[in-house]
Amino acid sequence: MGLKDNLLRLYDYVYVLSENTVKGQRVPVYFYLSDKLFEHLEEDAIRQAANAATLPGVEKAIYVMPDVHVGYGFPVGGVMGVNTDEGVISPGSIGYDINCGVRLIATHLSEERIKPIRQELMKEILSKVPAGVGSTGRLKLSKEQLREVAIKGARWAVEHGFGLEEDLLHIESSGTLANADPDKVSNFAYERGSEELGTVGSGNHFVEVQTVDEIYDEQIAKRLGLGKGQITIMVHSGSRGFGHQVCVDYLKVAKDALEKYRIEIPDMQLACMPFKSKEGQDYFKAMNASANYAFANRQILGFITADVIRRFLGISWEELGYRVIYDLAHNIGKIEKYTIDGKDKELLIHRKGATRAFPPYNPDVPPAYRDIGQPVLIPGDVGRYSFLLVGTHKSMEISFGSACHGAGRLMSRTKAKEYVKREGIEKVLEGLVVVARGKGTVMEEVPQAYKDVTEVVRVVHELGIAKLVARFKPLGTLKG
């Protein structure tokens, strides 16, 4: 009998693994799934979430989003709140790609103008926007320059000509996290990050030219400046080798800290340290530095992609209508306050493959959107759709203010390649415009390797975690 057999269906879209199902489990684990998505729920993902529920200081519940799949230690799609006084911080529960996230940019361009030339446009973007494993950009920064990036985040990019001052008003935390300390980052991380700022990377990261395909909420869409047939740009990337190395470095620190602080865990991939310990604070400050690197990375990527499109079309910035709608993180740890059992508590929220979905009038929602709620960006795969939603008050009650982050993998990368070899790449990508540095990445990232993002987003919308606003259809996608 597996853990999946122990899941109790409470009502539509909600399953629970009661506390104490697994030895030492302190809190229940809630899985937000449709019947169709429940079929794909992996036993190992349930085990990972249950294991996380044994960590010291974990509060209220573990929440698992509908795009869930097995991750390193903690499942992708997992949300965990830990008391900052007695609790721990877990690098694996935030992830290797710190502040992997998504940016959405609006333009004045129409689908009619871009669709006939999308193949040529995507080839131009491929030639000008760095992507792929180990890709390097137009910037080569010294350690001192990178230290400045680690402190300033997206602001550094704007100050160096990559974007506009108003862009910063439409980024989570204004694109700069205050608790960053570049001294807590290793020299090797600086070496790895020296030439990667402004690059896409590989795997599921992308730059995509999209069209607004469907509007679900006319009023909010209009407020965001979105209309049907409008061209948008979506960027999905993170902190590259800089953040990856920070995670590698501090997983070693966390494993050493277990014995020092007498912490017992069921899985070494959940290695952690007390949040208020020196080790915990060092990692938190290095993690924030990595997040700032990622904010700067997406700021540069979005701006240079818009510039490539502008130059390709031979138009001015005014004609292009470049405007950042929002940029958010989905692999990050943040200090937030919640009321639990009638008490206000400060928690460190670990979001791994999950995004903030804060409601209207929450002070952490940028002023530009405070009356409608925080935009929530959910990318899909190269062949289907991406979505924009806005956060709701219910998210604060049932998910620590969090929503899903994407479609979620259905096939491993190995199985995806086997599928493509069997079916043929031309058949699998028929009708799609996908450009990439290497064929291998495309094979790993075909639409069939992912869950149906429409089904994933439907769960979030039906539960009231976030409200559907608009759907975007890819016209062309750049993969690493």
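Visitor: What volume does the largest pocket have?

Guide: The largest pocket has a volume of about 920 Å³. The general idea is this: rolling a probe the size of a water molecule over the atoms shows where empty space is left. Here a pocket is an open set of points on a 1 Å grid over the protein atoms alone, where a 1.4 Å probe fits and protein lies on both sides within 12 Å along at least five of seven lines. Grid points are joined across faces, edges and corners, and the volume is the space filled by probe spheres set on them. The model is predicted: local features need pLDDT of at least 70, side-chain atom pairs count only at pLDDT 80 or more, and totals for chains, interfaces and linings use all residues. Residues are numbered from 1 along each chain as its sequence is written, and side-chain values use heavy atoms, with hydrogens and water left out.

Visitor: Which residues lie nearest the centre of the largest pocket?

Guide: Look for Asp-97, Cys-100, Asn-204, His-205 and Arg-413. Helices (H or I, at least four residues) and strands (E, at least two) are DSSP runs, numbered from the N terminus. The largest share, three residues, comes from α9.

Visitor: How many residues of that lining are nonpolar, polar and charged?

Guide: Ten are nonpolar, 21 polar and eleven charged. Ala, Val, Leu, Ile, Met, Phe, Trp, Tyr, Cys and Pro count as nonpolar; Asp, Glu, Lys and Arg as charged; the others, Gly among them, as polar.

Visitor: How much space lies in the second largest pocket?

Guide: About 310 Å³. Its lining has 21 residues, with Ser-173, Leu-177, Lys-334, Arg-356 and Asp-364 nearest the centre. α10 (278–313) and β12 (331–340) each supply at least two of the lining residues. The largest share is the three residues from β12. By class, the lining holds eleven nonpolar, five polar and five charged residues.

Visitor: Now charge. How many salt bridges does a search of the whole structure find?

Guide: The search finds 35. Side chains of opposite charge can pair when their charged atoms come close. The test is a side-chain nitrogen of Lys or Arg within 4 Å of a carboxyl oxygen of Asp or Glu. Start with Glu-159 and Lys-152, whose closest N and O atoms are 2.9 Å apart. Glu-159 is partly exposed at 43% relative accessibility. Lys-152 is partly exposed too, at 26%. The scale is relative accessible area: buried is under 20%, exposed over 50%, partly exposed in between (1.4 Å probe, protein chains only).

Visitor: What parts does the pair of Asp-327 and Arg-298 tie together?

Guide: These two side chains meet in a salt bridge, 2.9 Å from N to O. Asp-327 lies in strand β11 (residues 323–329) and Arg-298 in helix α10, so the pair ties together parts 29 residues apart in sequence. Asp-327 is buried, at 0% relative accessible area. Arg-298 is buried as well, at 0%.

Visitor: And where do Lys-479 and Glu-445 lie?

Guide: They meet in a salt bridge of 3.6 Å, N to O. Lys-479 is in strand β19 and Glu-445 in the loop between α15 (439–444) and α16 (453–463), so the pair ties together parts 34 residues apart in sequence. Both Lys-479 and Glu-445 are buried. They also belong to a network of salt bridges that links Arg-409, Arg-413, Lys-417, Glu-444, Glu-445 and Lys-479.

Visitor: Which residues touch the most other members of the largest nonpolar core?

Guide: In soluble globular proteins, nonpolar side chains tend to be buried together. A nonpolar core is a set of buried Ala, Val, Leu, Ile, Met, Phe, Trp, Tyr and Cys residues joined through side-chain atoms within 4.5 Å. The largest one has 172 residues, and Phe-31, Ile-62 and Leu-478 touch the most other members. α10 gives the most to this core, 17 residues. Beyond four places in sequence, Leu-478 touches residues including Met-122, Val-200, His-205 and Val-435; contact means heavy atoms within 4.5 Å.

Visitor: Is His-108 buried or exposed?

Guide: Exposed, at 59% relative accessibility. His-108 sits in strand β7 (residues 101–110). Setting aside neighbours within four places, His-108 contacts Glu-318, Glu-319, Leu-320 and Gly-321.

Definitions and conventions: 1 Å grid on protein atoms, 1.4 Å probe; cavity = no way out; pocket = protein on both sides within 12 Å on 5 of 7 lines; lining within 4 Å.
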